[in-house]
Amino acid sequence: MNFKTTLVLIALLAVAGVYVIVSRSTEDTGKAPPTAGKLLAIESSEVSKLTITPADGPAVVFEKTGIDWRMTAPVSAAVDRFEVEGLLSQLTGLTSRGANDSEKIDHPSFALALTTNSGKTINLRFGPGSAVGEIVGVQIDGKSRTELVDSSILEKLDKKPEDYREKSLVKISAGEVRQLVITRAEGKLAFEKTGNDWRMTEPTQMPAEASEVSSLISTITGLRAAEFVSEDTSDAARYQLLSPRTSVFFSTQAPSTQPATTAPAGTTIAFGRYDDVLKKNVYASVSGSSSIVKIPVSSIDELKSKKPLDFRDRRVLDVDPADVSKVSIRVARSATTQPTTRPASQTDVVIERRQTDVLAAGPAIPATGPASQPSTQPATLPTPSRWVATSDSGKQDADDSKVDALLAEIHPLRVEKYIESVPSVLQPPTTYTLVVTAGPRNGAPVEHEVILRDRGADQPLLGSCNGLDFELPHALVSKLEATFSK
């Protein structure tokens, strides 16, 4: 073995020795070795309390309970956990970019105290940023030298207390709400949820469109403060929150099936006056909280603009195709002179379900070939349709696929929106009267009538059914005017 080889082996043994020492150190402590230049020998998860005292303002204190943080000074309020943890991560991750043994920080711009889970407190004093704006001095209690660190930490420390506060007015998900009451000048709206279905209880009893109610609840649970105004409940009258313009009550309790003797537990949000003549913000408060905040008016437009009909279940009619025994379609066309002259006309089509025994037996199979020589091959005839269509052309087998396509439109018949009423002076070019007969099964047949008015030019159809007026997609016309006979 030559001298060079010996030196190489010695070097490798030295590297291996260092690796073993570091590995054992890591195993013994359960932690990775500290990052070179890292000023604090703790991690952000070990901090349970943080106090920030600026030179020109009150101390801001954050305290941790479980996984949640809360501000306890200068006000008691919920905070954005990620904002606080982001600051702690930056503080515990500070690394030195040099040192100045002669500089002392007697008048810090920020004095910090970090208290760990074990009760140990670490104090830091930050001086003003340097002339070039890239570094700032920080002194840690127990150390004589001033460390130089990235001055970007000052941006975090210079935040106002409200910048750390939780902006959401309520901490609840939309899916948890089961009762909702909106009190407003336009009239009260009240909803209750049973299972997966919503029902309006005020101003009238009717099934509600789940997607519309859910959208409204998402708007409410998603409200965020644009500004924190006051923590004094005595200011409520000043901001018109004791007699609010609009208020919202919601509860996670299921609606009672018996007459209620007490009001359900829940949360109320009150919306007071506008903040100024521009009317861009309103004051708001939440029950159980002393905070008075501003929120954008645009975020609550939906609470004021929606009408009861906007929440009605869009399923105006729902007939199972398996229950349908007959469908009648009348098409009445008004006389026109523009763009061409056309006399008034009316056509009727009646579609009836073929009797089950005829479908099962099929049509009689005629003989094929001379009588003296009966055919040995069975005749192949088409399967009879399930429906029979009667029109001016007589009675014929119906095209089952077209009948099925029409019946699919009424299972359910979903409207685009409800309207107050169809104008009485309306004289549409074409009117469709659809009568669907269901049953009989265990009783008498039930007829459902839908009247549709086609205004032309692909405008939505105006419909009426069960005392309700609504709009439907114009595309339904193609299903009504199909050639149903084969």
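**View A. Pro203 lies in the loop between strand E12 (197-202) and strand E13 (206-208).** For comparison, most peptide bonds are trans. Throughout these views, helices (H or I, at least four residues) and strands (E, at least two) are DSSP runs, numbered from the N terminus.

**How to read the views.** Please keep in mind that this is a predicted model, in which local features need pLDDT of at least 70 and side-chain atom pairs count only at pLDDT 80 or more, while totals for chains, interfaces and linings use all residues. Residues are numbered from 1 along each chain as its sequence is written, and side-chain values use heavy atoms, with hydrogens and water left out.

**View B. Gln240 and Asp458 take a positive phi without being glycines.** In general, most residues other than glycine have a negative phi. Look for Gln240 in the loop between strand E14 (227-230) and strand E15 (246-251), where its phi is near 60°. Asp458, with a phi of about 60°, belongs to the loop between strand E27 (446-454) and strand E28 (461-465). How accessible is each side of this view? Gln240 is partly exposed at a relative accessible area of 26%, whereas Asp458 counts as exposed at 63%. Here buried means under 20% relative accessible area, exposed over 50%, and partly exposed in between (1.4 Å probe, protein chains only).

**View C. Nine strands make an open antiparallel sheet.** The strand order is E23-E22-E21-E20-E26-E27-E28-E29-E25. At its edges are strand E23 (394-397) and strand E25 (417-419), each of which pairs on one side only. From one strand to the next the twist averages 25° (axes are lines fitted to C-alpha atoms, for helices over the stretch in contact, and angles run from 0 to 180 degrees between N-to-C directions). Within the sheet, strand E20 (residues 324-333) and strand E26 (residues 430-438) run antiparallel and are joined by nine bridges; Arg333 faces Thr430 of E26. Two strands count as paired if DSSP finds at least two bridges between them.

**View D. E10, E11 and E12 are linked by two hairpins.** E10 pairs with strand E11 (residues 189-194) in the antiparallel sense over four bridges, and Val181 has Ala190 of E11 as its bridge partner. Five residues separate the two strands, and Gly187 in that turn has a positive phi of about 120°. E11 then runs antiparallel to E12, with five bridges between them; Lys193 stands opposite Trp198. This hairpin has two residues between its strands, and Gly195 shows a positive phi near 65°.

**View E. Phe62 and Tyr164 meet edge-to-face.** Their ring centres lie 5.1 Å apart and their planes stand at 65°, so the pair is edge-to-face (rings of Phe, Tyr and Trp, the last by its six-membered ring, pair if their centres lie within 6.5 Å; planes under 30 degrees apart are stacked, over 60 edge-to-face and the rest tilted). Phe62 belongs to strand E2 (residues 60-65) and Tyr164 to the loop between helix H3 (153-157) and strand E10 (179-183), 102 residues apart. Both Phe62 and Tyr164 are buried. Tyr164 has another neighbour to spot: the charged end of Lys159 sits over its ring, 5.4 Å from the centre. Elsewhere, the charged end of Arg81 sits over the ring of Phe82, 4.8 Å from its centre. A charge sits over a ring if NZ of Lys or CZ of Arg is within 6 Å of the ring centre and within 35 degrees of the ring normal.

**View F. Helices H4 and H2 each have a buried face.** Helix H4 (residues 210-221) has twelve residues and spans 16 Å between its end C-alpha atoms, close to the 16 Å expected; that expected span is 1.5 Å times one less than the number of residues. Its buried residues are Glu212, Val213, Leu216, Ile217, Ile220 and Thr221. Seen down the axis of H4, they fall within an arc of 165°, so they line one face (the arc is that of the directions from the helix axis to the C-beta atoms). Helix H2 (residues 81-92) also has twelve residues and reaches 16 Å. In H2 the buried residues are Val84, Leu87, Leu88, Leu91 and Thr92. These fall within an arc of 125° down the axis of H2, so they too line one face.
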